[in-house]
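Have the sequence and the coordinates open side by side, and let's take a walk through them together.

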Amino acid sequence: MKSFKFGLLAATALFATPVLAAAPADVLSTYGDIAQAKFTDSLGTAKALEAAVDKLIAEPTEANLEAARAAWTEARNPYQQTEAYRFGNAIVDDWEGKVNAWPLDEGLIDYVDVSYGEESEENGFYTANVIANPTLKVGGETIDATEITASLLADTLQEAGEVESNVATGYHAIEFLLWGQDLNGTDAGAGTRPATDFDPANCTGGNCERRSQYLKAATELLIADLEEMVSAWTPGGAAREDLAAKGDAGGLATILTGMGSLSYGELAGERIKLGLMLHDPEEEHDCFSDNTHMSHYNDVVGIRNVYFGEYKSPLGNDVSGASLAEMVAEKDPALAEEMKVKLDATLAAFEAMKTRAEGGEAYDQMLGEGNEEGNAVVQTAVDALVDQTASIERVVKVLELDEIAFEGSDSLDNPGAVFE
């Protein structure tokens, strides 16, 4: 997980006459409503994933494995659109690591290919393989993993040894269990775990009952975590209360912090440019399933949602209301048009990436060294994000907010440090 803590600088704003087309309080209300809808949709699709997982465990066929993978992919769509809420909302940022931490050292969870290696100086749990070992002994510590429970995953194994890559919970742990390792590098192909890895009667990979137990526990935990965030964004919930306590200016600063930090440091930098510089598929966000193009695309859609005050729900929980876009149009019509053009250009760049992936060249292939055309598609997406961030900074000034600290990334700000 690429996670950075930051200080949001104090924000103030002058909302004098003439009356704005959208009042700040209404904009913040729409922002909260969209968060509630998105997390509700994330929970709904996670429950559909759980149903597919239960069917796979009961009947471990290739068809049921494919159905569980499809349900996981669908569940990612609304969740990734929530990421514009992460930066600026401490309650979301502190929680996010439980559900979307990456990259993960998969040897903590299950069997891995010999190319993975046997040990890591930085991580004593690198090949702990909890599925194969009811008792774990690491660094003089003994862990009872006789029964794989949500508590074991969340309280003992998640970030075990204070190592962030020990990811035992969330979407990516479930992804690894459904697909297995992607051993193709920057060549074609995703993970190819067989359904028999979950079939005690015809078991491949060993420990099939425990693998199913882990998958079930991780899925149940994901649902519990999402229920927590739905509650937080319900009117009167903790996230809504935190936002209201910041006042109008602080609330608007929160929205723009989420937009700018996700655009620049997190998505353009840590999730995309770094992997492109290194030509490294290990820097791919959904690396087992080759779903990264959709995760990136949905991040971009999520940024647009909070700016335009609109969300189109896959489950019918649509939201439309007062928006930052309306406020900017009232203050500075030229900047409003500029912001729209930039956001549209970014969406077009990521649609091109998505189209390329759907046409047969996965995101990790686009990263490959020597793939000039694929690299160019990825770089165009980075450039569009950087460009739109500059316009977001201008929105901050037009709304008369004090300076906001957007997230940075060495891959953008200090590229030489990446290779040190």
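This is a predicted model: local features need pLDDT of at least 70, side-chain atom pairs count only at pLDDT 80 or more; totals for chains, interfaces and linings use all residues.

Residues are numbered from 1 along each chain as its sequence is written, and side-chain values use heavy atoms, with hydrogens and water left out.

Let's begin with the charges. How many salt bridges does a search of the whole structure find? The search returns 27, where a salt bridge is a side-chain nitrogen of Lys or Arg within 4 Å of a carboxyl oxygen of Asp or Glu. One of them joins the side chains of arginine 271 and glutamate 83, at 2.5 Å from N to O. Arginine 271 sits in helix α8 (residues 247–278) and glutamate 83 in the loop between α2 (62–80) and α3 (90–100), so this pair ties together parts that are 188 residues apart in sequence. Helices (H or I, at least four residues) and strands (E, at least two) are DSSP runs, numbered from the N terminus.

Are these two partners buried or exposed? Arginine 271 is buried, with a relative accessible area of 1%, and glutamate 83 is buried too, at 2%. Buried means under 20% relative accessible area, exposed over 50%, and partly exposed in between (1.4 Å probe, protein chains only). Both residues also belong to a network of salt bridges that links Glu83, Arg86, Asp93, Glu96, Glu266, Arg271 and Asp299.

Another salt bridge brings together the side chains of glutamate 228 and lysine 98, at 3.1 Å from N to O. Glutamate 228 is in helix α6 (residues 208–233) and lysine 98 in helix α3, so the pair connects parts that are 130 residues apart in sequence. Here glutamate 228 is partly exposed at 40% relative accessibility, and lysine 98 is partly exposed at 30%.

Helix α6 also holds a local example: lysine 216 and glutamate 220 both lie in it, four residues apart, about one turn of the helix. The closest N and O atoms of their salt bridge are 3.7 Å apart. Lysine 216 is partly exposed, with a relative accessible area of 23%, and glutamate 220 is partly exposed at 37%.

Now turn to the strands. β1 and β2 (residues 141–144) pair in the antiparallel sense over four bridges; two strands pair if DSSP finds at least two bridges between them. They form a hairpin with two residues between them, and glycine 139 in the turn has a positive phi of about 55 degrees. Across the pairing, lysine 137 stands opposite threonine 142 in β2.

Finally, look at two buried residues. Serine 42, in helix α1 (residues 24–58), is buried at 0% relative accessible area. Leaving aside neighbours within four places in sequence, serine 42 is in contact (heavy atoms within 4.5 Å) with Pro78, Tyr79, Thr82, Tyr171 and Leu226.

Leucine 343, in helix α11 (residues 333–358), is buried at 1% relative accessibility. With neighbours within four places in sequence again left aside, its contacts are Ile303, Arg304, Tyr307, Phe308 and Gln388. The C-alpha atoms of leucine 343 and threonine 389 are separated by 9.5 Å, with the two residues 46 apart along the chain.
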